[in-house]
Each structure stands twice: as C-alpha cells, then as structure tokens.
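Subject: Structure handover

Dear colleague,

Please find below the structure that I promised to pass on to you.

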Amino acid sequence: MSSSFRNDSSLAAMARFPLLIAEFFLIFSLCPGLDLETSAKQPPRYVIKFATVAPEGSTWMKQMRTITQAIEDETNGRVIFRIYAGGVAGDELEILKKIRMRQLQCAAFSGVGFGKILPEVRVLDLPFLFRSYEEVDRALRRLKPYFSQHFREKGFILLNWAEVGNVYVFSKRPIRVVGDFRKSKAWSWAGDPIAKETFSALGVTPITLPVTDVTTALSTGLVDTVYAPPLGLLALQWHPYVKYMNALPFAHSTGALLLSSRTWEKLPQELGKFISSEFEKSMSTMTSQLRQQNEEAIDVLKNHGITIIPEPTGQALQKFDAIHRRVASALSGKIYSYSLLKQLYGILGRNTR
C-alpha cells in the first residue's frame with residue numbers, strides 16, 4: 001500500500017459522495033426560509049442551510065468546513081452556514097425539492113441533481129470525452145459563464161464546480177478494446193440516460209440496478225463489469241469482485257455547488273461577492289486533493305491484486321472515440337443542443353465530425 005495512502009476510511013467515506021447520490025438518506029425536518037437574525041445594535045446575520053450527501057470526516061466535508069468557517073470569520077459572523085452532511089437532509093433529489101420549498105438554500109450536486117435543474121450540463125458527463133485533467137479544467141472554466149447564466153434562469157447561482165472525478169471500468173475479465181464489452185455482463189445505473197445510450201453504442205444490454213444492489217449482483221455473478229471512481233470502488237467494497245481496471249477514463253463526473261437565487265438576492269452585494277470568491281479559491285484546492293487521492297486509491301487497488309490495463313492507442317483508441325461520437329450525436333437535441341456540443345468541441349480543439 002502506498003505510504004501516502006494512510007487513511008483508507010477517510011478516502012472510502014469521500015467516495016460515497018459521487019456514488020451514493022440517490023441511495024442513502026434519512027428524513028430530516030428543516031425550517032423553511034433563509035434565517036435572518038437581527039438585533040438593535042448589530043447588522044443582520046444570514047444563516048444559509050447547506051446540504052450534501054458527502055459524509056462527515058471525508059476530505060470533501062473537511063474542506064467544506066474550512067471554507068464556511070473562513071466565511072463566518074471574515075464576515076464577523078454575518079454569514080453562517082448550517083451544514084447537513086451525510087444525507088441527513090435526503091438524497092440529491094430530495095435536497096433539490098427542499099430548496100424549492102425554501103427549507104434549504106444551498107447544496108452540492110452531481111450530475112443526478114443538477115441534471116434535473118439544467119439537463120444540458122450533462123454534456124460534461126459524456127463517455128470518453130476528456131483526455132486529461134487540463135482539458136477538464138479548460139472546459140469548466142470556459143463554460144462556467146454560460147452555465148452560470150442558465151442556472152440563474154432556473155433559480156440557482158453556480159458558486160463553483162465541485163470535483164467528482166474520473167470514472168473507470170472495472171471487470172472480472174479484461175476489457176481492452178470496444179469489442180470486449182459485448183462479452184461482459186455490465187451494470188448500468190438505473191435512470192441515467194447517458195449510461196443507457198453509452199452501453200447501447202457499445203452493443204451491450206446492461207443489467208440496470210440501483211447502486212445498493214450492485215454488491216450482491218457482483219457476488220452472485222449477475223454482473224461482472226462496473227464503473228466507478230477508484231475511491232468509490234473501495235468505499236462500496238466492490239474491489240474483491242473485480243480483477244481488472246481499464247486506465248482509459250470511462251467518463252469524468254462533474255459536480256456543482258448551487259445556491260438558491262432567492263437567497264442570493266437577499267444577501268448584500270459585498271457579502272455575495274465574498275462568498276463566491278471564497279468558494280472559487282477553496283474548491284480549486286479541494287479538486288487537487290481529490291485527484292491525488294484517486295491516484296492513491298489506484299495504488300491500493302493494485303495491492304489488492306487488480307491489474308491495470310494500459311490506455312488503448314492507435315485504432316483501438318479511435319474506436320472508443322467513435323463510441324463517444326455516436327453517444328454525443330444521439331443525445332444532441334435531447335439533453336443538450338448541438339450548438340453547445342459544438343462549442344465544447346471547439347474548447348477542446350476537436351472537429352465536429
């Protein structure tokens with residue numbers, strides 16, 4: 001095991017953020033509306049209720065605590081975040097419902113959540129799209145103004161992107177080329193249109209299951225191929241049932257921190273700008289940490305006997321790119337516009353054919 005990978009439990013906890021999005025929650029009663037606390041001698045205090053499925057103790061939540069404490073300190077207590085972590089406010093869809101009911105004001109979402117608000121953001125989750133973290137960062141930076149405007153039209157402020165990470169294919173039998181997928185018994189996340197279209201393009205009829213049923217499916221042989229971030233594979237204890245990992249990212253999963261526009265409009269302008277600036281700086285730091293931890297998780301998987309299959313090259317890689325093109329074309333006009341897809345390709349320096 002890598003010497004720098006000293007806290008498996010913390011990494012495993014972090015991994016639940018991207019993978020247990022719609023699976024674990026407890027019902028939690030919250031009072032509606034932004035809390036506005038005032039007194040005769042002091043300026044008003046703004047209490048923002050923030051929810052996430054990320055568990056306490058995870059790297060993600062540690063960074064979130066640091067950010068919100070800094071905001072409270074720098075504003076002399078005028079802005080306070082009350083955080084409901086670990087799914088106590090519900091899964092992402094329940095959290096979204098509570099924001100719309102004014103019981104919450106702010107949340108961290110992955111594609112499942114923000115896809116319900118602004119489906120076209122899912123263009124960032126297309127399979128075999130990004131070839132490096134530099135491409136990911138460039139696309140998110142260049143498209144942020146566009147998505148910020150459209151999120152605002154839907155009643156939300158995009159405070160910043162939140163890293164989920166690269167998703168890889170793990171299998172019991174080696175998957176080196178596109179044709180190998182047709183021999184697999186692949187799992188697909190229920191209700192995800194991008195996963196559905198991707199496996200269709202790969203010539204696979206996947207076994208569609210919620211995340212909570214995958215361990216049993218792996219142990220019984222119902223499925224033998226799954227996709228997940230390395231951290232997620234460890235957290236969900238799927239790694240004993242697979243033997244191979246293809247090093248070509250299956251997709252990159254992006255998250256977002258969203259604040260209700262109603263809340264934003266109640267904040268004094270200087271406080272809103274400060275909050276936005278703090279999240280932008282701090283989330284960049286967290287992204288670097290998570291990327292390193294996912295690399296360390298791959299080292300752990302190697303030590304558990306999982307073989308890493310090198311990324312394909314030449315014609316084999318071109319066939320994966322063809323799968324991407326087929327999926328991107330099939331979903332164009334359904335989830336996102338062709339003009340947005342063309343803009344994304346332009347940012348990445350790809351041709352549109």
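Contact, a term used throughout this email, means that heavy atoms lie within 4.5 Å. The model is a predicted one, in which local features need pLDDT of at least 70 and side-chain atom pairs count only at pLDDT 80 or more, while totals for chains, interfaces and linings use all residues. Residues are numbered from 1 along each chain as its sequence is written, and side-chain values use heavy atoms, with hydrogens and water left out.

Let me begin with the protein as a whole. Its secondary structure comes to 12 helices and 10 strands, where helices (H or I, at least four residues) and strands (E, at least two) are DSSP runs numbered from the N terminus. Of the 353 residues, 58% are buried; buried means under 20% relative accessible area, exposed means over 50%, and partly exposed is in between, with a 1.4 Å probe and protein chains only. If you take the contacts between residues at least 6 apart in sequence, 76% of them join residues at least 24 apart.

The next topic is a pair of helices. Helix α2 (residues 59-74) packs against helix α10 (residues 269-303) at an angle of about 160 degrees, and their axes are 10 Å apart. That angle makes α2 roughly antiparallel to α10, since angles over 145 degrees count as roughly antiparallel, under 35 as roughly parallel, 65 to 115 as roughly perpendicular, and the rest as oblique. The axes here are lines fitted to C-alpha atoms, for helices over the stretch in contact, and the angles run from 0 to 180 degrees between N-to-C directions. The crossing of α2 and α10 is right-handed, a word used when the near helix is turned clockwise from the far one by less than a right angle, with anticlockwise giving left-handed. Among the residues of α2 that take part are W60, M64, I67, A70 and I71, which meet residues of α10 including F274, I275, E278, F279 and M283.

Two residues of α10 deserve a separate look. E278 lies in this helix and, at 11% relative accessibility, counts as buried. Leaving aside neighbours within four places in sequence, E278 is in contact with I67, A70 and I71. I275 is also found in α10 and is buried, with a relative accessible area of 1%. Not counting residues up to four places away in sequence, I275 touches I48, I71, V79, F81, L159 and L267. One of these, V79, is 196 residues away from I275 along the chain, yet their C-alpha atoms are separated by 8.8 Å.

At the start of α6, a side-chain oxygen of D192 reaches to within 3.0 Å of the backbone nitrogen of I194, and after the helix comes G203, whose phi is positive, near 80 degrees.

Strand β6 contains W187, which counts as buried at 0% relative accessibility. Its contacts, leaving aside neighbours within four places in sequence, include F199, P206, L209, V226 and W238. The backbone oxygen of L209 lies 2.9 Å from a polar atom of the W187 side chain.

Finally, two loop residues other than glycine have a positive phi. N76, in the loop between α2 and β3 (79-84), has a phi near 55 degrees, and at 72% relative accessibility N76 counts as exposed. F128, in the loop between α4 (111-117) and α5 (133-153), has a phi near 50 degrees, and at 9% relative accessibility F128 counts as buried.

Terms used
Polar contact = N/O pair within 3.5 Å; in protein donor to acceptor, adjacent residues only side chain to side chain.
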